[in-house]
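This report concerns the structure displayed below. Please keep the sequence and coordinates at hand while reading.

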Amino acid sequence: MAKKNPQNKKSKNKSKAVAAKETEQIAIRDEKAVKKEKKSQKKGKKLKQDLSEHTSLKNLNKKKSKNRQAVWVKKFTLAYEQELQKLQIELLKWQKHVIANEQRVLMLFEGRDAAGKGGTIKRIIEHMNPRGARVVALLRPSDRERTQWYFQRYIQHLPSAGEIVLFDRSWYNRAMVEPTMGFCTDEENKRFLKDTPMLESMLVKNGIILFKFFFSVSKEEQLRRFNARETDPLKQYKISPVDREAQERWDDYTVRKFQMLNETNRTISPWTIIRSDNKKKARLNCIKHILSQVEYKGKIPAEELEIDPEIAISGIDEIRFMEDHLMTGVELPG
């Protein structure tokens with residue numbers, strides 16, 4: 001029987017000690033990593049807790065007390081809330097005028113997915129009398145509606161006297177979404193682009209005050225908002241199966257947008273483009289544009305309704321910009 005080598009035994013014990021020490025170091029590193037991750041998650045959760053709109057403005061001059069927690073807000077947020085409150089008061093004045101004079105107002109909100117249409121509509125009607133203002137956001141057409149005249153299901157929602165109606169997407173689905181996603185034929189799309197200016201002309205000549213807004217968002221910002229929707233439980237209802245395809249078919253949407261503007265931007269029913277990478281600026285400038293185009297009692301001075309030309313752009317200027325850059329390789333606004 002062979003004798004055990006004490007040197008081998010010593011080296012084995014040494015290797016075991018080294019292995020044990022390495023295992024201990026790995027455990028310590030893992031523990032530190034877990035603590036760091038928990039700390040960052042905790043910090044991240046705190047950063048994601050946004051105050052409800054108007055909260056910072058309402059509490060700006062409140063006195064310090066034991067049951068109150070101090071928070072930091074951006075100066076821009078305070079300025080935005082002050083401006084928004086002022087404009088919402090003006091919207092109420094205007095609505096009273098609309099009701100008193102039995103006017104009919106129609107607003108169409110179009111744009112790419114996650115461009116900020118819904119958020120702007122929410123701020124416009126937030127303090128309006130719901131009896132005289134309503135939002136129309138139609139689902140996909142039923143089997144019966146598919147057999148009808150295309151505009152038929154929209155016409156029934158047009159405003160009556162003293163009413164403001166806001167369409168969160170409208171008949172312009174057939175200009176961009178439907179042809180891009182293959183939900184309509186090329187012939188149906190072409191027919192729509194020819195018929196729409198005539199329809200809108202009839203509406204305006206019949207006395208309807210028409211606003212058409214296209215919310216323009218960059219590809220990078222759209223992707224960031226899509227990702228936010230997937231992680232925010234309060235925004236997950238906004239996720240749709242075609243969201244990711246909107247990114248993949250970005251250029252197709254751009255071509256459709258160019259065609260739509262060319263065919264439907266008319267003097268009697270012009271488009272207004274709203275650059276919406278900054279949602280707050282987009283909301284303020286959209287409301288300012290509306291108020292600057294209407295008259296009502298007690299209206300604030302015109303200089304307080306001045307629009308940022310970098311945010312609100314006329315349809316004809318957008319067409320010219322796209323014509324100049326469409327084939328140059330420059331990334332066009334969404």
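## Overall architecture

The structure is a predicted model. Its protein chain contains 13 helices and 6 strands. Of the 334 residues in the chain, 40% are buried.

Contacts between residues at least 6 apart in sequence were also classified by separation, and 77% of them join residues at least 24 apart. The accessible surface of the protein chain amounts to about 21400 Å², and carbon and sulfur atoms account for 52% of that area.

In soluble globular proteins, nonpolar side chains tend to be buried together. Here the largest nonpolar core has 35 residues, and the members that touch the most others are Leu106, Trp171, Tyr172, Phe192 and Met260. At least two residues of this core come from each of E1, E3, helix H7 (177-181), helix H8 (186-205), E4, helix H11 (250-264), strand E5 (271-275) and helix H13 (315-325). A second, separate core comprises 33 residues, including Ala115, Ala133, Ile300 and Leu305.

Which residues does Tyr172 contact, once neighbours within four places in sequence are set aside? The list consists of Leu108, Glu110, Phe192, Thr196, Glu200, Lys212, Met260, Thr264 and Trp271.

## Helix H4 and its packing

Helix H4 spans residues 117-125, and its buried residues are Lys117, Gly119, Thr120, Ile121, Arg123 and Ile124. These buried residues pack against two helices, H3 (75-100) and H12 (279-292). They also pack against strands E1 (104-111), E2 (133-136), E3 (163-168) and E4 (208-216).

## A nonpolar surface patch

Leu51, Val71 and Val73 form a nonpolar surface patch of about 230 Å². Val71 is located in the loop between helix H2 (55-58) and H3. Val71 counts as exposed because its relative accessible area is 52%, against a cut-off of over 50%.

## Salt bridges

Across the whole structure, 20 salt bridges are found. One of them joins Lys93 to Glu90, with the closest N and O atoms 2.8 Å apart. Both residues lie in helix H3, and because they are 3 residues apart, about one helical turn separates them. Lys93 is partly exposed, at 28% relative accessible area, whereas Glu90 is buried, at 2%.

Another salt bridge pairs Asp113 with Arg169, where the closest N and O atoms are 3.0 Å apart. Asp113 lies in the loop between E1 and H4 and Arg169 in the loop between E3 and H7, so this pair ties together parts that are 56 residues apart in sequence. Are these two residues buried or exposed? Both Asp113 and Arg169 are buried.

## A bridge between helices and a network

Lys194 and Glu263 form a salt bridge in which the closest N and O atoms are 3.7 Å apart. Because Lys194 lies in helix H8 and Glu263 in helix H11, the pair ties together parts that are 69 residues apart in sequence. Lys194 is exposed, with a relative accessible area of 52%, while Glu263 counts as partly exposed at 25% relative accessibility.

Salt bridges also occur as a network, which links Glu83, Lys86, Lys288 and Glu304.

Terms used:
Residues numbered from 1 in each chain as written. Predicted model: local features only at pLDDT ≥ 70, side-chain atom pairs only at ≥ 80, totals over all residues. Heavy atoms only, no water. Buried < 20%, exposed > 50% of the residue type's maximum accessible area, 1.4 Å probe, protein only. Helix = DSSP H or I, 4+ residues; strand = E, 2+ residues; numbered from the N terminus. Contact = heavy atoms within 4.5 Å. Core = buried A, V, L, I, M, F, W, Y, C linked by side-chain atoms within 4.5 Å. Patch = residues over 30% accessible without salt bridge, like charges linked within 9 Å, V, L, I, M, F, W, Y side chains within 5 Å. Areas by Shrake-Rupley, 256 points an atom, 1.4 Å probe, with all protein chains shown as cover. Salt bridge = Lys/Arg side-chain N within 4 Å of Asp/Glu carboxyl O.
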